[in-house]
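Trainee: I have a new structure to look at, and I would like to learn how to read its features. Could we go through them together?

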Amino acid sequence: MSDVRTDWTRDEIAALFELPFGELVFQAQTVHRAHHVPDQVQMSTLLSIKTGGCPEDCGYCNQSTHAETGLKATKLMDVRAVLQAAAQAKDNGSSRFCMGAAWRNPKERDMPAIVAMVKGVRQMGMETCMTLGMLTPAQAAMLAEAGLDYYNHNIDTSPERYGEVITTRSFEDRLDTLENVREAGINVCCGGIVGMGETRGDRVGFIHALATLPRHPESVPVNALVPVKGTVLGDMLADTPLAKIDDIEFVRTVAVARITMPQSMVRLSAGRESMSEATQALCFMAGANSIFTGDRLLTTGNRGDDADAALFAKLGLTPMTGEEPMRVCEAAE
């Protein structure tokens with residue numbers, strides 16, 4: 001549609017953040033209704049298929065070898081165990097199954113098992129998503145051939161603050177993998193984390209980086225930092241709790257993401273377990289239309305299926321069935 005822009009300026013995005021809260025949510029809901037069924041929410045399940053032992057030094061992550069959290073590293077899960085978890089997720093109402101491995105990048109020896117997981121989940125009739133770290137063009141092509149629907153690779157924060165959060169890879173490294181995924185014809189899932197002690201200017205930069213990509217991510221997860229003791233940011237925020245983002249500012253971020261990326265699925269991801277029902281309701285009003293279900297995400301807690309079902313009943317929301325037509329990106333010319 002003509003209102004899908006990739007030429008947003010930082011000043012325009014900053015002006016959206018400055019709108020009166022009611023006006024911002026109204027604009028976001030108006031955009032949301034123009035592109036999505038307003039009372040439907042996509043249900044996704046996230047499984048850690050390989051936990052811990054990651055050599056990256058992401059300041060928010062308890063799976064990093066640089067963190068002192070006591071998390072035990074595991075090997076890659078058996079394919080059959082992953083498919084059993086996917087079947088259970090489908091029975092619980094999920095239409096997308098996301099698999100995450102704590103790697104800087106997958107090794108060639110692991111690709112056959114990864115391909116088998118994708119094919120197996122696809123055969124169940126579920127959408128597939130993976131997050132495995134950085135990908136080469138050849139690896140992206142293998143995943144595309146296996147039928148992978150989405151690849152998650154978050155930019156995490158604004159380009160200017162990226163080096164304060166992660167030093168073992170660059171912001172450009174992230175963009176390179178996103179380009180490899182696009183070239184392979186796989187849909188992109190890309191968002192980041194707020195509440196890491198960043199400024200509103202950083203949140204503007206974060207949204208700007210996503211909204212000015214040549215093609216918007218099909219899924220945009222917005223995570224609220226879950227501070228874990230033993231991680232750099234977890235320890236920092238324990239000493240400076242006022243640095244944590246407040247609920248209204250989080251809703252503003254969701255609303256601005258919806259307005260600037262109208263066709264994307266905007267997902268409430270990590271941190272939802274600590275949000276009140278009222279905050280989540282405001283996020284849905286502001287255009288969020290995807291959540292992770294279940295009791296856990298990768299290594300942190302989540303609200304659980306029963307709590308989500310009760311909230312959906314209160315709000316009159318219904319899960320997407322997975323039978324809605326999915327936009328699949330075309331490989332770049």
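**Reading the model step by step**

Mentor: Gladly. Let us start with F171, which counts as buried because its relative accessibility is 8%. Keep in mind from the outset that this is a predicted model.

Trainee: Where is F171 found?

Mentor: F171 is found in helix α7.

Trainee: Which residues gather in a patch of negative charge on the surface?

Mentor: They are E172, D176, E179 and E183. E172 has its place in helix α7, which covers residues 171-184.

Trainee: Now the strands, please. How should I read the side chains along a strand?

Mentor: The general idea is that side chains in a regular strand alternate between the two faces of the sheet.

Trainee: Why is β7 described as largely enclosed by the rest of the structure?

Mentor: Because six of its six residues are buried. A residue counts as buried when its relative accessible area is under 20%.

Trainee: Which strand is joined to β7, and by how many bridges?

Mentor: Strand β6, residues 192-194, is joined to β7 by three bridges, and the two run parallel. To find one of these contacts, look at I193, whose bridge partner in β7 is N223.

Trainee: Let me try β3 next. How many of its residues are buried?

Mentor: Five of the five residues of β3 (residues 127-131) are buried, and the strand is mostly covered. Here E127, C129 and T131 point one way, while T128 and M130 point the other way. Strand β2, residues 96-101, pairs with β3 in the parallel sense over five bridges. Within that pairing, M99 has M130 as its bridge partner in β3.

Trainee: What about charged side chains? How do I read those?

Mentor: Side chains of opposite charge can pair when their charged atoms come close. In this model there are 19 salt bridges. One of them is between the side chains of R5 and E12, at 2.9 Å from N to O.

Trainee: Are R5 and E12 buried or partly exposed?

Mentor: R5 counts as partly exposed because its relative accessibility is 25%. E12 counts as partly exposed too, since its value is 31%.

Trainee: Which residue forms a salt bridge with R203?

Mentor: That is E198, with the closest N and O atoms 2.8 Å apart. R203 and E198 are both buried. They also belong to a network of salt bridges that links E18, E198, R200, R203 and E249.

Trainee: And which residue forms a salt bridge with D308?

Mentor: R272 does, and the closest N and O atoms are 2.8 Å apart. D308 lies in helix α12 (residues 305-315) and R272 in the loop between β8 (265-268) and α11, so this pair ties together parts that are 36 residues apart in sequence. D308 counts as buried because its relative accessibility is 1%. R272 is buried as well, with a relative accessible area of 1%.

Trainee: I would also like to read the backbone. What should I look for in phi?

Mentor: Most residues other than glycine have a negative phi. Look at D156: it is not a glycine, yet it has a positive phi of about 75°. D156 lies in the loop between β4 (150-152) and α6 (162-165). At 2% relative accessibility, D156 counts as buried.

Trainee: Finally, how do I compare separation in sequence with distance in space?

Mentor: Take N105, in the loop between β2 and α4 (111-123). N105 and G133 are 28 residues apart in sequence, with their C-alpha atoms 4.6 Å apart. N105 counts as partly exposed because its relative accessibility is 25%. Then turn to Q280, found in helix α11 (residues 277-285). Q280 and R122 are 158 residues apart in sequence and 30 Å apart in space, C-alpha to C-alpha. Q280 counts as buried because its relative accessibility is 0%.

Technical notes:
Residues numbered from 1 in each chain as written. Predicted model: local features only at pLDDT ≥ 70, side-chain atom pairs only at ≥ 80, totals over all residues. Heavy atoms only, no water. Patch = residues over 30% accessible without salt bridge, like charges linked within 9 Å, V, L, I, M, F, W, Y side chains within 5 Å. Areas by Shrake-Rupley, 256 points an atom, 1.4 Å probe, with all protein chains shown as cover. Salt bridge = Lys/Arg side-chain N within 4 Å of Asp/Glu carboxyl O. Lys, Arg positive; Asp, Glu negative; His and termini not counted. Charge placed at Lys NZ, Arg CZ, Asp CG, Glu CD. Helix = DSSP H or I, 4+ residues; strand = E, 2+ residues; numbered from the N terminus. Buried < 20%, exposed > 50% of the residue type's maximum accessible area, 1.4 Å probe, protein only. Pairing = 2+ DSSP bridges.
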